[in-house]
Amino acid sequence: MKMYGNWRSAAAFRVRIALNLKGIAYEETFLDLDAGDQFKLDFLAINPQGAVPALFDGDGPPLTQSLAILDYLEETQAGVKLLPTEPRARARARSLAQVVACDTHPLYVPRVRNFLMENYGLPRERMLEFLRNAFTSGLKVLETRLSTEEGTGRFCQGDAVSHADLCLVSLWVGTGIFGIETDPYPTVQRIAETVLALDAVVRAHPLRQPGAPNT
């Protein structure tokens, strides 16, 4: 498989983890998002949204959107199962994943931050307030659910890693990048630290990818 990504992309991070957990060999081409590589015509021909990741499996068209890619890998590839088989547990894992990937992450991506500053004249510090609110809103929801719902175990859903954990850890790593206060979220922190200790996650970590600071 071949993938287009970026070192700091939370969505690409999730997909790298899944590929590693399932033992799938892949080659990743890293785009410089700050330089605007994602908006060049050759990449827009791959993904008109101008976003990463974009995954190629064989000769077919590229797969985009991280949750769709995770579902594709789960449905087509052997190896570690990343969704429970029981329907209610499966739905809960997907729901927790979507708290991050659908409701939280889209609010702090570069295209949103840049749009607010460039088109509404939002000062950088006010933009950072908006960003911090997005993070804390998502973290509060995760903490409340994970600390009170019966399904939580060693990981988000029971004692096996799932899509929910891949999304949670992608959000958690962002708290360090953007300086988000994390003390109010002990359950999220416990699970994130458990996930971060997995070898597949260590290898996929943003700060271990080409283009990251000190790499």
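Predicted model: local features only at pLDDT ≥ 70, side-chain atom pairs only at ≥ 80, totals over all residues.

Me: Which residues meet where α1 contacts α7?

Reply: From α1 you have Ala10, Phe13, Arg14, Ile17, Ala18 and Leu21, and they meet Leu166, Cys167, Val169, Ser170 and Val173 of α7. By class, that contact has nine nonpolar residues, one polar and one charged.

Me: And what makes α1 roughly parallel to α3?

Reply: Here the axes cross at roughly 10° and come within 9 Å. Roughly parallel needs an angle under 35 degrees, so α1 and α3 get that label. Ala11, Arg14, Val15, Ala18 and Leu19 on the α1 side meet Ser66, Ile69, Leu70 and Leu73 on the α3 side. Seven nonpolar residues, one polar and one charged make up the contact of α1 with α3.

Me: On to the rings. How many aromatic pairs are there, and why is the pair of Tyr108 and Phe178 called edge-to-face?

Reply: The structure has six aromatic pairs. For Tyr108 and Phe178, the ring centres are 6.2 Å apart and the planes sit at 70°. A pair needs centres within 6.5 Å, and edge-to-face needs planes over 60 degrees apart, so this pair is edge-to-face. Tyr108 belongs to α4 (residues 87–108) and Phe178 to α7, 70 residues apart, so to speak a link between distant parts of the chain.

Me: How do you know whether Tyr108 is buried or exposed?

Reply: Its relative accessible area is 6%. Buried means under 20%, so Tyr108 is buried.

Me: What about Phe178, what makes it partly exposed?

Reply: Phe178 has 27% relative accessibility.

Me: Why is the pair of Phe135 and Phe178 called tilted?

Reply: Its centres are 5.7 Å apart, with 50° between the planes. Stacked needs under 30 degrees and edge-to-face over 60, so the pair is tilted. Phe135 is in α6 (residues 124–148), 43 residues from Phe178 in α7. With a relative accessible area of 0%, Phe135 is buried.

Me: Which residues form an aromatic cluster?

Reply: Tyr4, Phe43 and Phe56 form one.

Me: Now the backbone. What kind of peptide bond joins Val52 and Pro53?

Reply: A cis one, with omega about 5°. Pro53 is in the loop between α2 (41–44) and β3 (54–56). Most peptide bonds are trans.

Me: What is the phi of Gln65, and where is Gln65 placed?

Reply: Phi is near 70°, a positive value in a residue other than glycine. Gln65 is in the loop between β4 (63–64) and α3 (66–76). At 46% relative accessibility, Gln65 counts as partly exposed.

Note on methods
Residues numbered from 1 in each chain as written. Heavy atoms only, no water. Contact = heavy atoms within 4.5 Å. Helix = DSSP H or I, 4+ residues; strand = E, 2+ residues; numbered from the N terminus. Nonpolar A, V, L, I, M, F, W, Y, C, P; charged D, E, K, R; others polar. Buried < 20%, exposed > 50% of the residue type's maximum accessible area, 1.4 Å probe, protein only. Axes fitted to C-alpha atoms, helices over the stretch in contact; angles between N-to-C directions. Parallel < 35°, antiparallel > 145°, perpendicular 65-115°, else oblique.
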